Amino acid sequence: MSLADVALDAARSAGATYADVRIADYRTQGLWSREARVESISEAQDRGFGVRVIADGTWGFAASGLVTHDEVVRVARRAVTLAKVNARLQREPVVLAPVEAQRAVWATPIRRDPFDVALDDKTALLLGINAAAMAVPGVSFCESGMWFVREHKFFASTDGSYIEQTLHRCQPWFEVTSIDAKQGSFQTRSTLAHPRSAGYEYFEDHPWTEEAAQAGEDAVAKHSAPSVEPGVRDLILHPTHLWLTIHESIGHPTELDRAVGLEANFAGTSFLTVDKLGQYEFGSELVTAHGEKTHPGSLATCGFDDDGVPTTEAPLIERGRFVGYQTTRDQAAWIGADRSTGTSYADSWGTVAFQRMPNVNLLPGARPLSLADLIADTEDAILIKGDGSWSIDHQRYNFQFGGQLFYEVKHGKITRMINDVAYQARTPDFWHACDAICDESEYYVGGTFSDGKGEPGQANAVSHGCAPARFRGVNVLNTKRSV
Amino acid sequence: MLSEDEARRLTAQIIKLSKADEVEVSVGSARTTNLRFARNAPTTSGETDRVSITVTSRFGQRVGDATTNQRDAASLELAVRAAEEVARRAPENPEVMPMLSAQAYVAVPGAFDAATAEGGAEALADGVAVALDTARAAGLIAAGYVEVFESAVSLANSAGLFGYHRSTGSTLTETFRTPDGAGSGWGSSAAVRIADLDFVGVAAAASRKAAASQQTRPLAPGSYVAILEPAVVADLVGLFTRRLDGRAADEGRSYFARPGGGTRIGEALFGADITLRSDPHDPIVPGAPWGSEGLPQTAIDWVRDGKLTNLRYGRYWAAKQGVPPVPRPSNLLMAGGQGTTADLIARTERGVLITSVWYIRPLDPQTLLYTGLTRDGVFWIEDGKVTHAVNNFRWNDSPIAVLKNVTAMSAPVHTLSRDLGASDMAVPALQVSAFELSSVSDAV
């Protein structure tokens, strides 16, 4: 009998009406450098298992890094004990939406396993990035890093599923700093590239040294860029920036656990309450957004979620209207759905699976429109590239975003770099102000390793694709202060 | 959780396996038990046992590290060989320092409570029952999270260093909302001993704030006199202290850099009543005996009587600058005044009471300007009394400005910072002459 079956049997014998087990090992590698030296190289392996059960209508979970027969039995029984202890506080039993038993193996398609690449190649790339930036007159510092994750997990459940998955994710990063000693000021510019679900080919294909040199030029140029005049302005948001606005203002409000109050104590609730489903006009007719865990290269992509549900693509916003939530098996019934949309995830063998954001993408415009066309069609606006500061309230109404690079657009042309820009808006007002989205040729996928939610806090890796888009009449702030 | 004897045996076993010039082993083991609830019922619960063993190998100026969570002999051997392989292939780093020899680490017995370590899921369920009963009785909807942990950390190296420290801790947060979503209140508690976790007080605070916040009157954005409850102060002061990095200041990329070169150490940044310090022996918020790079934690002032007195320095940069190394602190203690938040409210003619803040992100590292939001309880104060609830706000302000604007302080209390999630601080509530509320948030 496999250890997975041992866990399921032990849980059932102890009184569980449902149980699943994830036996997983995570391999990570991180390299960090600054200027001409490599600061650290770290390898890590983390192996263990978690057993999740429903007993007396209540969830229980226990986990251990010691993967042995006896420990599996102990932990499975402990999960049932926790469920039963807490069942006395329960009001309604947990109900799971059905799923067919799955027997499958799935792996992220990669061309080159990053753990097979020599450290020499990786350190040479990082030091090359730093050297390219440092060669720009006026650049003072450059830090760079790369991070690789391989998540290998085996899921089994009392519904009869046995699923093995191997997921790869990698993250590049650098930041250039320019000091103006006379003014006592400094400016930074980080990479505009984002993490992906990919192998080392991502690091081989991207023009890192060219981007680092450009970043150096940009950081130096920021010193003399005029400070923005605050007020109501039109914005053109580049996809290297817009992905994060989508994450915060579309991705999170359409999480069903938030909408019904499960995150009320931590991440917050949502202004997209259940009564608005299918009714609420979220944005302009141009705005269509889908949740999916199926697009190659995107960070949340996998074959099956951590409920054992096959992953899918489902609409969240359709031509401006709010039409869908992200759900898991224990949530689907709350909105009358007979199936989960497959968005359950746990970030470790030691953490419990719950609803996490899939890749949420803003669909590109249907009519041909390049970024150059959009700029040419714009009289007076600010073009923002790269992600900077981000903050949004606990119901996802009031947000404020900064960026990496800001350009003034006047009479159809980019006229100059400006600085100290942030914009603040109310989510539905902002998406109603969207009056142009570029076509598929400008589509780009950004993302993050560190989408946070839950208690204890868990990190979710997620991507967001979009094309450049224009927003009319947004409140722009100047972030320069003296204290 | 590893005992000191087990930690000694394990680290010695790993050091014996090493073929490197020097080797260091860091071992952590912990059991965490938690219970989460929402909609007046439990949602998830969990108990996780974790071990983490990090081996750092050094050949000359080349260093590498490898981490495993497995304690069997084969896994330990693999981790040691992996760290050595990384170190051999790492480029030489001129900033690598020889490993520390034996240090005199202070013992912090007050950081551990045996009863807390032995407590379990039943104690958490009993505490949550208090929250659920309180919420139901008041016609409110409760959500929250309670966690208890026991932890042991150990540090050893081939130069003779050894340290062992065990601790326990517990945290509780609760949010109560009115069924119509018009009111919301939050409360929190943190303690070394679960017996000190204030289940009754937190439920009462969340209940009171939820009920009081449901009929808000609009208040326009602007600069207001404000009373900041300790949870707010912990977030703001926590951000300030995280930036106290000596090297960044020396390099000119920090608020603490002096224009033209050097740091602002010695400069009066705030009024004479502002003092921030760390002390691992603090009886309420005990710290760990060592910090980054294995440096011993000692009592240290960061700001004394308004003047910046210290910055953190790693061992290499400290040696280069000719200053003592200073590790990242394991707690933060802000001096205060007398009384409670209620006493500050009674002394306020007109102003805003902010009970918690959320989603804080940097806007300008040069001035430590941050943005964030108020959450779960904002009230108007008139003639020393809270008169009504007001809408939530986005704020754009700097902890530097906040500390410059302090006009009165309560006595400090052990506080859980909501946004940073840190429970290692004791801070007062503050009355400040100006806090910048920049736009209205519709969120409740």
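Strand E9 (residues 276-278) of chain B and strand E10 (residues 300-304) of chain B run antiparallel and are joined by three bridges, where two strands are said to pair if DSSP finds at least two bridges between them, and where strands (E, at least two residues) and helices (H or I, at least four) are DSSP runs numbered from the N terminus. Within this pair, B:Leu276 stands opposite B:Val303 in E10(B). Both strands belong to an open sheet of six strands in chain B, whose order is E11-E10-E9-E12-E21-E20 and whose pairing is mixed. Strand E11 (307-308) and strand E20 (413-415) of chain B are the edge strands, each pairing on one side only.

Helix H6 (residues 230-242) of chain B packs on this sheet and touches E9, E10, strand E12 (332-334), E20 and strand E21 (425-427) of chain B, with a direction that makes about 120° with that of E21(B). Contact here requires that the C-beta atoms of two residues, placed from the backbone, lie within 7 Å, while axes are lines fitted to C-alpha atoms, for helices over the stretch in contact, and angles run from 0 to 180 degrees between N-to-C directions.

## Basis of the model

The model is predicted, so that local features need pLDDT of at least 70 and side-chain atom pairs count only at pLDDT 80 or more, whereas totals for chains, interfaces and linings use all residues. Residues are numbered from 1 along each chain as its sequence is written, and chains are lettered from A and ligands numbered from 1 in the order in which they are written.

## The four-stranded sheet of chain A

Chain A holds an open sheet of four strands in the order E11-E10-E9-E14, with antiparallel pairing; its edge strands, each pairing on one side only, are strand E11 (321-322) and strand E14 (359-362) of chain A. Strand E10 (residues 313-318) of chain A pairs with E11(A) in the antiparallel sense over two bridges, and A:Ile317 has A:Phe322 as its bridge partner in E11(A). Helix H6 (residues 239-251) of chain A lies across strand E9 (289-292), E10 and E14 of chain A, and runs at about 105° to E14(A).

## Domains within each chain

In chain A the domain assignment, which is automatic or taken from a database, gives domain 1 (3-224) and domain 2 (231-478). The centres of these two domains of chain A, taken over C-alpha atoms, are separated by 21 Å, and 38 residues of domain 1 of chain A are in contact with 38 residues of domain 2 of chain A. On the domain 1 side of this contact in chain A, E6(A) provides the largest share, five residues. That side divides into 19 nonpolar, ten polar and nine charged residues, where Ala, Val, Leu, Ile, Met, Phe, Trp, Tyr, Cys and Pro count as nonpolar, Asp, Glu, Lys and Arg as charged, and the others, Gly among them, as polar.

For chain B the assignment gives domain 1 (4-212) and domain 2 (215-444), with C-alpha centres that lie 24 Å apart. The contact takes 29 residues from domain 1 of chain B and 23 residues from domain 2 of chain B. Strand E5 (162-177), strand E6 (184-191) and helix H5 (199-212) of chain B each supply at least two residues of the domain 1 side, and E5(B) gives the most to that side, with six residues. The residues of the domain 1 side in chain B divide into 14 nonpolar, 13 polar and two charged.

## Contact between the chains

The contact of the two chains takes 65 residues from chain A and 77 residues from chain B. On the side of chain A that touches chain B, E2(A) gives the largest share, eleven residues, and the residues of that side divide into 26 nonpolar, 26 polar and 13 charged. Strand pairing also links the chains, in that E3(A) and strand E2 (residues 41-59) of chain B pair in the parallel sense over three bridges, with B:Asp49 in E2(B) as the bridge partner of A:Ser64.

Helix H2 (residues 69-87) of chain A packs with helix H4 (residues 121-137) of chain B at an angle of about 25°, their axes being 9 Å apart. H2(A) and H4(B) are therefore roughly parallel to each other, a term for angles under 35 degrees, with over 145 counted as roughly antiparallel, 65 to 115 as roughly perpendicular and the rest as oblique. In this contact A:Leu82, A:Val85 and A:Asn86 in H2(A) meet B:Ala121, B:Glu122 and B:Ala125 in H4(B), and these residues divide into four nonpolar, one polar and one charged.
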